[in-house]
Structure formats: C-alpha cells, structure tokens
Amino acid sequence: MTEIITAIGFSTGVSGKGNLSRLDASLGRIAALGADAAELSLYGEDLIAGGRVLPDRVHKLEQIVRRHDLRYTVHGQIVSNFMDTEHLPLQKAVVRAMLELCDQVGAGVLVHHCGKAAMTDQAGRDRLDAIEREALAELADVSRGYGVKLAFENIFAMDDGEYRQTPAEVADTVRAVDHPNLCTLIDFSHAYIECTRRGLDWRAQIRSMASATGHLHVHDSFGRPYTMTKFYEPSEAVALGIGDLHLPLGWGDIAWEEIFTELRFQPDTVMILELNADRYDAELAESLARARRLADLVNQRAIAA
C-alpha cells in the first residue's frame with residue numbers, strides 16, 4: 001500500500017532582499033538535519049514581475065536547488081487571493097507563473113491560500129465562493145499540465161469584518177471543484193485560531209478536511225486569535241501565546257499525537273514544519289523527530305488497515 005505521509009521537511013526562510021541570498025544556506029541546513037523535503041518560500045525572492053517569470057533569476061534558483069538532495073514544494077504568494085475580484089486576472093497570472101517555477105525546480109506541490117474579502121451577506125459570500133471555485137478549477141487544469149498538486153490552505157480571519165471560509169468550508173470548496181490536481185492543505189494552527197475566534201470545534205473541523213488533504217503545515221500555538229496585535233518583540237507574543245506563532249512542536253498546546261492517531265490523509269502527502277528557523281534553530285531537530293513519529297502513527301495505521 002502507498003504510504004500516506006511520504007516526506008517530511010521544513011519551509012525555507014526569506015531574506016527580505018529578493019535576491020535568493022539565504023536560500024542555499026537554508027536548504028543546506030534542512031538537508032543537514034536529515035529532512036526529506038523543503039518548501040521553497042519563493043514569494044519573497046523577486047522571481048516574477050508583472051505575472052511573468054524572470055529567466056535569469058530562475059536559472060540561479062535552479063542552480064541552488066539542484067545542489068541539495070531534497071524533495072521540493074513551493075509556497076505561493078501570501079497575498080494570493082481568488083476572492084480579490086479587482087485584481088483577479090493578476091492573481092491568476094502570478095499563480096500560473098508560480099506553477100512554471102514549480103516545473104523549473106521539480107516541485108510537486110504549490111501552496112495557495114484560501115480567499116478573503118470584506119464580510120458581506122450570505123448572497124455576497126456565495127458569489128465570492130463561486131468566483132474562487134471557478135478560478136481554482138481553471139488553475140488546477142494548469143497544474144495538471146505541469147504534474148503539480150495545488151494545495152488549498154485554510155487561513156484565519158483577523159476580525160469579524162473579514163470573510164474567510166472555515167476549515168470545513170475550505171474542504172467543501174475542494175470537493176465541489178473535484179479536480180485530481182486540487183487538494184486541501186491543513187494548517188493545524190490556523191484552524192485552531194480560526195475556530196477559537198468563531199466558537200467552532202476545531203478538531204471536528206480538521207476531521208472534515210482530512211480525506212481531501214494532500215499537504216500539511218505543522219507548527220504549534222495556543223489557538224488564540226489576535227485580540228492584540230502590538231508587540232515590541234516577537235517574544236512578547238510568544239509569552240502571551242497570542243496569534244500565529246509558528247512555534248516548535250510542544251511549545252504550544254496542540255495535542256499532536258491525538259490528532260495524528262485519528263486522522264488519515266491522501267496518499268503521498270508531504271508534511272512541512274513551518275517554524276521560524278532564525279529563532280528556533282536549536283529546536284529544529286527535536287521537532288523533526290517528533291514529526292517523524294507523528295507520520296509513523298498515520299502510516300502504520302494505514303498499513304494495518
């Protein structure tokens with residue numbers, strides 16, 4: 001039987017300079033830890049201009065990734081948003097370019113955030129959902145041409161004025177589009193935060209996503225929404241346990257072993273640890289070891305079934 005979770009790795013850091021200056025070292029560190037995979041944070045590297053890839057920059061990217069024996073996935077733009085009706089043609093053009101980048105580096109997954117918009121009435125939300133589904137179907141067809149899986153990630157809203165789908169609704173979107181190159185991506189901490197904000201049972205919400213899920217983002221938190229957003233140092237948010245902290249496994253209160261004993265995902269799922277490597281380099285190895293144990297819980301149960 002095909003393994004469920006087939007690779008475990010880390011997301012790469014972003015230099016903030018748009019020049020790939022930190023990528024080689026980041027990939028080297030990931031490989032040295034013994035990880036199988038790396039998720040390339042290409043949204044911060046000036047590889048696309050006006051919806052078109054920049055060939056010279058991409059050539060440099062190819063040279064870097066080929067130096068490391070890792071399986072690659074790509075994280076699309078943080079601002080990618082198929083509910084952005086004003087900029088939708090530009091949004092789709094950038095996703096097309098990101099899929100071209102995936103092809104250039106041999107990445108099998110492109111992460112795409114679920115949409116957001118100003119909160120509206122039910123008819124308005126239905127319209128936004130329909131626009132997003134149509135765009136996802138279009139880009140999933142493009143993904144198929146590259147042999148890439150488009151992984152649709154659940155996100156949290158910052159306040160009641162922002163429309164975001166719940167984790168279960170993200171899964172409903174993927175099931176409605178029903179395309180072999182489209183899957184859900186469970187970001188466990190994002191789900192925890194959003195469900196706390198909405199008063200939903202977050203474990204039930206991710207349970208509803210599992211069978212449609214082919215990619216995982218793993219990092220710890222306390223599931224506390226942004227009831228405050230001003231911190232003088234990142235450590236203050238960590239001390240309070242507020243927000244999307246991207247902590248090492250075990251620093252928050254997510255019951256990882258319970259979750260991975262219960263859930264089963266699609267075959268050939270990649271698990272990416274989205275940790276702040278600059279802050280938590282000393283904890284990376286321990287988090288990777290724990291992630292491998294979590295994957296074993298899923299894989300051994302699948303073998304026994």
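Student: How do you know how many disulfides there are?
Tutor: A disulfide is a pair of cysteine sulfur atoms within 2.5 Å, and by that rule the count is 0. The sulfur of Cys114 has its closest cysteine sulfur in Cys195, 12 Å away, so the two are too far apart for a bond. Cys195 is likewise in no disulfide, its nearest cysteine sulfur being that of Cys114.

Student: And what are these values based on?
Tutor: This is a predicted model, in which local features need pLDDT of at least 70 and side-chain atom pairs count only at pLDDT 80 or more, while totals for chains, interfaces and linings use all residues. Residues are numbered from 1 along each chain as its sequence is written, and side-chain values use heavy atoms, with hydrogens and water left out.

Student: Why is Cys114 called buried?
Tutor: Buried means under 20% relative accessible area, exposed over 50%, and partly exposed in between, with a 1.4 Å probe and protein chains only. Cys114 has 1% relative accessibility, so it counts as buried. Cys195 also has 1%, and therefore counts as buried.

Student: What makes Asp46 partly exposed?
Tutor: The relative accessibility of Asp46 is 46%, so it counts as partly exposed. Asp268, at 34%, is therefore partly exposed too.

Student: Which strands make up the closed barrel?
Tutor: The barrel has 8 strands in the order 1-2-5-6-8-10-11-12, with parallel pairing. On average, neighbouring strands of this sheet are turned by 30 degrees against each other, direction ignored.

Student: What makes strand 6 mostly covered?
Tutor: In strand 6 (residues 109-113), 5 of its 5 residues are buried. Val109, Val111 and His113 point one way, Leu110 and His112 the other, and all are buried.

Student: Why is helix 1 called roughly parallel to helix 2?
Tutor: Axes are lines fitted to C-alpha atoms, for helices over the stretch in contact, and angles run from 0 to 180 degrees between N-to-C directions. Angles under 35 degrees count as roughly parallel, over 145 as roughly antiparallel, 65 to 115 as roughly perpendicular and the rest as oblique. The axes of helix 1 (residues 23-32) and helix 2 (residues 55-65) come within 10 Å and cross at roughly 25 degrees. That makes helix 1 roughly parallel to helix 2.

Student: Where do helix 1 and helix 2 meet?
Tutor: Leu23, Asp24 and Leu27 in helix 1 meet Leu61, Ile64 and Val65 in helix 2, contact being heavy atoms within 4.5 Å.

Student: What covers the buried residues of helix 5?
Tutor: The cover includes helix 4 (122-146), strand 8, strand 10, helix 6 (188-198) and helix 7 (202-209). Among the buried residues of helix 5 are Val170, Val174 and Val177. Helix 5 (residues 167-177) lies across strand 8 (149-153) and strand 10 (182-187), at about 170 degrees to strand 10.

Student: How do you know whether Pro248 is buried or exposed?
Tutor: Its relative accessible area is 1%, so Pro248 is buried. Pro248 is in the loop between helix 8 (234-240) and helix 9. Leaving aside neighbours within four places in sequence, Pro248 is in contact with Asp220, Leu275, Tyr280, Glu283 and Ser287.

Terms used:
Pairing = 2+ DSSP bridges. Helix = DSSP H or I, 4+ residues; strand = E, 2+ residues; numbered from the N terminus.
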